[in-house]
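Hello,

Here is the structure I said I would pass on. My notes on it follow below.

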Amino acid sequence: MWNDHHCRSVANRVVEMAPHMNKVLAAARREGILIIHSPSGCMETYKDTAARARAKDAPFAKAAVKFQWNYFNPDREGPLAEKLECAGCSCDLPEPCGPDKRVWTSQIAKIKIADKDAISDSGQEVYNLLTEREIDNVIVMRVHTNRCVLGRPFGIRQMAYVGKNVVLCRDLTDSYHRDSGHHFAGLDTIIGHVERYWCSTMTSSSITGKSSFVFLNNKVAATR
Ligand SMILES: [Zn+2]
């Protein structure tokens, strides 16, 4: 949940989703759930924080598989349409916005990071945190469903490979694909792909007891 993105619609949807996610995280924290924030590539921003230290200080735990970016796995999952794999911009514009460059520096400020949370973009560190606390059940929420959420070394594929009971919070995710005019239909397809091949999904209502999140422009939300 970076503070900015070169794709304007991506950045705007993170801004729209962040306040709801922050409320969900506050409710989860009250229940004693460990919150791990993973603004990838931005660890320098947090180097002096208690939450970053918590992740770095968790004792090393050896896993049976390597931590890495996990690409599409043809042994386990069926194909996604090419337009749902292709990123670069997910605006409803005839031509991609841009330019395609790294503009993020931190997590978006609307998501509070508490001292008792953890911050890491390392699969090994996340695994260390989970092992230290004997945590087997992992809820994944964030962006983007078809890329980081599935592929990062602490994403859904990796959590499945290390044997965790992973679940996707499907109202608090977004995809990053190029299919002008059909963004939310594509997002639903990708969520369906996750459900079919990787893990179950839930909504944030299960944590808060309140309404789940829906993007203002999402006209296909009724299918969720
Ligand atoms: Zn764009």
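Subject of the notes: the metal site and its surroundings

With angles of 102 to 116 degrees among its four donor atoms, the site of the zinc ion is tetrahedral. Please keep in mind that this is a predicted model.

The donors are Cys7 (SG), Cys89 (SG), Cys91 (SG) and Cys97 (SG), which coordinate the zinc ion at 2.3 to 2.4 Å. Written as a sequence pattern, the spacing of these donor residues is C-x81-C-x1-C-x5-C. Cysteine 7 sits in the segment before helix H1 (8–30), while cysteine 91 is in the loop between helix H3 (82–85) and strand E2 (118–119), so this pair ties together parts that are 84 residues apart in sequence.

Cysteine 7 has 0% relative accessibility and counts as buried. Cysteine 89 also counts as buried, at 0%. Cysteine 91 comes out at 6% and is buried because the cut-off is under 20% relative accessible area.

The structure contains zero disulfides. Cysteine 148 counts as buried, with a relative accessibility of 13%.

Helix H1

H1 has 23 residues, which at 1.5 Å a residue should span 33 Å; the C-alpha atoms at its ends are 33 Å apart, so the two agree. After H1 comes glycine 32, which has a positive phi, near 90 degrees.

The loop between H3 and E2

Besides cysteine 91, this loop holds glutamine 107. Is glutamine 107 buried or exposed? Its relative accessible area is 7%, so glutamine 107 is buried. What does the side chain of glutamine 107 make a polar contact with? The partner is the side chain of histidine 37, at 2.9 Å.

Regards

Notes. Residues numbered from 1 in each chain as written. Predicted model: local features only at pLDDT ≥ 70, side-chain atom pairs only at ≥ 80, totals over all residues. Heavy atoms only, no water. Disulfide = S-S within 2.5 Å. Buried < 20%, exposed > 50% of the residue type's maximum accessible area, 1.4 Å probe, protein only. Donors = N, O, S within 2.8 Å, 3.2 Å for Na, K, Ca; no water. Tetrahedral: all angles 85-135°; square planar, octahedral: opposite > 155°, others 65-115°. Helix = DSSP H or I, 4+ residues; strand = E, 2+ residues; numbered from the N terminus. Expected span 1.5 Å × (residues − 1). Polar contact = N/O pair within 3.5 Å; in protein donor to acceptor, adjacent residues only side chain to side chain.
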